[in-house]
Amino acid sequence: MTTRIHAPIAGIVCALEQVPDPVFAQKIVGDGLAIEPLADRLLAPFDGEIVAVAPTGHSVTLRSDGGIELLIHIGIDTVALGGKGFVPVVAAGDRVAAGDALIGLDLDHIALAAPSLATPIVVTTAGAAIEFRAGPGPIAAGELLLEIEAPAAADAAAPRGVQATAHVRAILPGGHGIHARPAARISALARAFGGEVRVACRDRSADAKSVTSLLALGAIAGDELDIRVVGPEPRAFAVQLAEIIAHSGADDGDAVTPARPDEDAADTPLRPGEFRAVRASPGLAVGPVFRIEGADAPIAVETGEPREELARLTAARERLVQRLAARASDPDAGPAAAIAQAHIALVEDVALGERAAALIAGGASAAFAWRQASRQEEEALCSTGVARLAERAIDLRDIERQLLAELAGTVPDAVEVPAGAIIVAADLAPSFLLEPARANIGGILLGAGGATSHLAILAAARGVPMLVAAGAGAAALAQGATIVLDADRARVETAPDAARIAGVRTDLAARRARAADALAAAAQDCVMADGRRIEIFANLASADDARHAVAMGAEGCGLLRTEFLFAECDTPPGEDWQAGVYADIATALGGRPLIVRTLDAGADKPLRCLPFAPEENPALGMRGIRFSMQRPDVLATQLRAILRGVPATQLRIMLPMVVEPGELRAARALLDDARRDLGIAAPVELGAMIETPAAAILADAIAVEADFLSIGSNDLAQYALAMDRGNAGLAARIDALHPAVLRLIAAAAEGARKHGRWFGICGGIASDPDAAPLLIGLGCRELSSVANPIPAIKARVRTLDLVACEHLARRACALDSAEAVRALLEEEKP
């Protein structure tokens with residue numbers, strides 16, 4: 001079926017390539033053209049339906065009756081105008097006829113405020129054939145602009161009754177947006193679906209089967225994504241994909257968290273011979289500079305038979321995937337396994353493969369074709385303006401380097417690095433740290449790079465100090481020169497004298513000794529210097545997590561996230577299966593206490609097995625225990641499974657998002673019913689997570705019903721400070737060490753103490769050894785951390801005295817900012 005697209009506004013037609021925005025000019029969103037508008041109204045270009053209107057009114061997506069989707073984006077960078085100059089008169093779901101008004105425009109205001117009025121008109125339907133019916137020059141509104149032939153596969157793939165369409169919207173949660181790893185998961189899911197899957201964000205649309213297209217969306221925390229699925233049973237698949245997206249904010253996990261930037265570093269005056277950089281992984285190093293230059297390996301541009309070159313490329317991709325898969329399946333690989341999985345998705349990327357194949361068909365060699373295709377995607381990522389995605393461009397370069405080595409039959413980066421050397425480079429691929437021979441490097445200093453790159457994650461996991469964004473300072477360092485890389489203070493000393501070098505080496509030896517001592521003593525119970533017992537638990541999500549945590553000295557589990565059981569299911573998981581999973585985790589803990597948090601789901605965490613209605617403000621909606629009480633059948637099944645899987649003497653159960661005692665009473669009634677049905681006479685402790693100011697203030701009343709209370713500091717900080725965890729612009733300010741949050745923790749602790757209840761914390765700040773004295777001083781007697789810091793936390797707690805900790809807590813609560821609290825903790829470090 002042919003769709004005729006008429007000019008939606010009078011103006012001057014120009015080629016899409018002339019639009020001053022690479023995302024449109026490079027046709028990342030889709031093909032089409034642009035118009036420089038000369039009128040004050042945008043009109044419907046055909047009969048059809050409004051798919052989406054940008055909240056700021058600067059763009060609209062429509063679908064014709066023939067199934068063609070069209071994006072019209074008024075001006076360039078006009079999202080920054082915040083809606084000024086745009087008056088939408090339609091909304092998503094409206095039916096329109098050709099010529100109907102869509103958006104009123106104040107062209108004078110837009111022209112003054114935006115870089116360009118060029119208005120891209122882009123066909124986002126994959127595989128559509130476009131015939132251009134208007135050349136460059138003037139055009140009147142309503143004149144024929146394009147003729148679009150829908151892709152044949154859309155009509156032939158399945159009968160009309162089967163090719164249904166579904167739309168689902170999802171809010172991208174806090175974290176780093178859609179970067180390599182969540183994009184890999186989304187892409188893998190979409191490729192397995194027998195239909196069309198597209199994800200739209202603001203004014204961009206992506207084929208969900210392509211990792212690079214998803215990355216080019218530039219989607220960040222807080223963005224609303226529109227998921228469109230065409231095919232058999234599209235609604236179920238769209239909900240499933242929405243669930244994957246909604247959990248992508250936690251993608252980097254707890255295993256490695258690059259250190260918080262040192263706020264004081266920029267304020268401390270530099271001494272002669274020093275320059276600043278950005279901390280990506282904490283630590284200290286001294287050693288010779290070992291420069292690594294990033295020159296491209298020479299390759300042949302043209303070759304002979306395209307069929308042979310395509311076969312060579314296909315075979316090289318398969319070999320590389322096999323190597324990466326071996327790393328991804330290594331149970332001891334840690335973060336490297338997840339990174340390898342993301343790299344597999346890049347190697348198998350549909351868009352990259354098709355682009356390379358087209359270049360090979362035109363006479364290019366396999367190596368040249370892949371390099372060109374990969375470099376185009378790198379440019380697209382950098383053009384998004386999202387720093388996190390620009391950092392991920394190095395992953396594409398890493399895959400390119402490894403794939404070219406496969407084609408050439410060589411070993412990539414076969415360079416020997418002296419032990420203790422400090423690597424200096426413009427940027428480095430993450431695979432650099434995966435070579436066993438590089439385990440003994442002293443540190444890494446990059447002229448560019450990012451603090452949240454995959455290389456930074458690996459460096460933090462391996463304890464390698466790393467600074468990035470050093471610029472000219474790194475470029476000026478001479479090969480072999482001895483430097484001090486002080487990542488703790490975010491600076492480099494370029495000319496340390498002999499005394500300074502000796503002092504750093506002494507400091508490093510002492511640090512290694514302390515770390516070894518902490519690990520050696522980690523299995524012992526944690527007792528303060530004054531004899532008071534403090535439990536150090538771990539946050540877990542699987543039996544593998546439990547085994548690793550025990551090896552690091554965890555004395556139990558302070559938070560078992562059960563959402564992971566539900567996330568991969570099409571229907572709510574059954575009692576038998578859940579019980580088996582809980583039993584495996586309990587066994588891995590070797591009888592140590594296990595606190596199981598019941599399902600923490602809600603409108604901000606959609607589960608395809610438990611659909612629920614969308615909400616205006618998910619953070620304040622049906623979350624945690626509220627959602628579970630709406631589905632008491634699901635909660636009752638989970639409680640029975642927990643009771644069957646975990647011995648009563650080992651078990652504690654915790655309810656998320658409790659705000660009042662009645663929620664405890666209702667849940668306890670279900671728990672007592674389950675115990676009675678299963679013949680379990682032993683009591684089972686039932687506790688509440690304190691995650692809202694309401695719960696903290698009512699802690700004394702909640703403690704009447706609860707057997708214990710545990711602070712969830714991440715959500716408590718969000719609600720106390722009225723700052724959305726999903727808002728990237730506020731991410732640096734949402735700090736659980738803010739005095740307002742600390743006072744709420746103190747109030748909750750007092751409520752627990754009043755009724756003799758056990759009181760702990762399982763939020764993010766419990767993983768910081770420097771925060772331990774403050775948390776204990778506030779009243780916490782159990783700290784539940786991610787696994788790796790546990791030895792250091794236990795070592796720190798063993799040096800503490802309760803009276804001193806309580807004095808520290810009073811001082812911290814009297815301060816006026818999180819920065820002041822962190823400065824106080826820095827002063828108190830031994």
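## Strand 21 and its partners

Strand 21 (residues 284-291) and strand 22 (residues 422-425) run parallel to each other and are paired through three bridges. Within this pairing, valine 289 faces isoleucine 422 of strand 22. The structure described here is a predicted model.

Strand 21 also pairs with strand 25 (residues 482-486), in this case antiparallel and through five bridges. Here alanine 285 has leucine 485 of strand 25 as its bridge partner. Strand 21 is mostly covered, since six of its eight residues are buried.

As a general principle, side chains of opposite charge can pair when their charged atoms come close.

One of these salt bridges joins the side chains of glutamate 274 and arginine 271, with a distance of 3.2 Å from N to O. Glutamate 274 has a relative accessibility of 11% and therefore counts as buried, because the limit for a buried residue is under 20%. Arginine 271 has a relative accessibility of 47% and so counts as partly exposed.

A second example is the salt bridge between the side chains of glutamate 406 and arginine 323, at 2.8 Å from N to O. Glutamate 406 is buried, because its relative accessible area is 15%. Arginine 323, with a relative accessible area of 36%, is partly exposed.

Aspartate 673 and arginine 676 form a salt bridge in which the closest N and O atoms are 2.3 Å apart. Both residues belong to helix 20 (residues 661-678), and because they are three residues apart, about one helical turn separates them. Aspartate 673 is partly exposed at 33% relative accessibility, whereas arginine 676 is exposed, with a relative accessible area of 56%. Elsewhere, salt bridges with shared partners join Arg271, Glu274, Asp486, Arg489, Arg491, Glu493 and Arg500 into one network.

Rolling a probe the size of a water molecule over the atoms shows where empty space is left. When the whole structure is searched, one cavity of 30 Å³ or more is found. The volume of the largest cavity is about 40 Å³.

Which residues line the largest cavity? The lining consists of Leu324, Arg327, Ile339, Ala340, His343, Gln402, Pro430, Ser431 and Leu434. By class, five of the lining residues are nonpolar, three are polar and one is charged.

Helix 7 and helix 8 (335-347) each contribute at least two residues to the lining of the largest cavity. Which helix gives the most to this lining? Helix 8 does, with three residues.

Note on methods. Residues numbered from 1 in each chain as written. Predicted model: local features only at pLDDT ≥ 70, side-chain atom pairs only at ≥ 80, totals over all residues. Heavy atoms only, no water. Salt bridge = Lys/Arg side-chain N within 4 Å of Asp/Glu carboxyl O. Buried < 20%, exposed > 50% of the residue type's maximum accessible area, 1.4 Å probe, protein only. Helix = DSSP H or I, 4+ residues; strand = E, 2+ residues; numbered from the N terminus. Pairing = 2+ DSSP bridges. 1 Å grid on protein atoms, 1.4 Å probe; cavity = no way out; pocket = protein on both sides within 12 Å on 5 of 7 lines; lining within 4 Å. Points joined across faces, edges and corners; volume = space filled by probe spheres on them. Nonpolar A, V, L, I, M, F, W, Y, C, P; charged D, E, K, R; others polar.
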